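Welcome, and thank you for taking a look at this model with us. Please open the view below and keep it beside the text as you read.

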Amino acid sequence: MDYVVYILWSVSIQKFYIGQTQDLENRLREHNAGEGRFTRLGRPWVLVYQQACGSRTEAIMLEKRIKARGAKRFLSDNDILF
């Protein structure tokens with residue numbers, strides 16, 4: 001089963017959240033329901049980026065690469081406007 005690495009944006013706290021999951025629709029619903037400690041503060045969250053990965057290992061590596069680069073810089077480097 002494929003994994004998805006995603007970036008969310010919160011207008012209210014002006015921050016990004018980066019994660020990976022097998023069920024993006026459900027995970028976004030959980031974030032916006034306040035089920036996460038960090039994401040509870042930034043509701044509502046908007047999906048600004050997603051990328052499918054073939055394995056969890058690949059997804060974790062991409063997630064770490066995005067976090068190391070910074071979400072804003074990663075999006076800018078990939079010509080993604082949000």
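First, a word on the model: it is predicted, so local features need pLDDT of at least 70 and side-chain atom pairs count only at pLDDT 80 or more, while totals for chains, interfaces and linings use all residues. Residues are numbered from 1 along each chain as its sequence is written, and side-chain values use heavy atoms, with hydrogens and water left out.

Let us begin with the sheet. Three strands make an open, antiparallel sheet in the order β2-β1-β3. Helices (H or I, at least four residues) and strands (E, at least two) are DSSP runs, numbered from the N terminus, and two strands pair if DSSP finds at least two bridges between them. Strands of a sheet pair through backbone hydrogen bonds, either parallel or antiparallel. Here β1 and β2 are joined by seven bridges, and Ser10 has Lys15 in β2 as its bridge partner. Since β2 and β3 each have a single partner strand, they stand at the edges, so one side of each has no neighbour in the sheet.

Now for the rings. The whole structure holds six aromatic pairs, where rings of Phe, Tyr and Trp (its six-membered ring) pair if their centres lie within 6.5 Å, with planes under 30 degrees apart counted as stacked, over 60 as edge-to-face and the rest as tilted. The ring centres of Trp9 and Phe16 are 4.6 Å apart and the planes are at 55°, so this pair is tilted. Trp9 and Phe16 are both buried. Ring pairs also link Tyr6, Tyr17, Phe38 and Trp45 into a cluster.

Finally, find His31 in helix α1 (residues 24-32). His31 is buried, with a relative accessible area of 1%. Not counting residues up to four places away in sequence, His31 touches Tyr6, Leu8, Tyr17, Thr39, Arg43 and Trp45, a contact being heavy atoms within 4.5 Å.

Notes:
Buried < 20%, exposed > 50% of the residue type's maximum accessible area, 1.4 Å probe, protein only.
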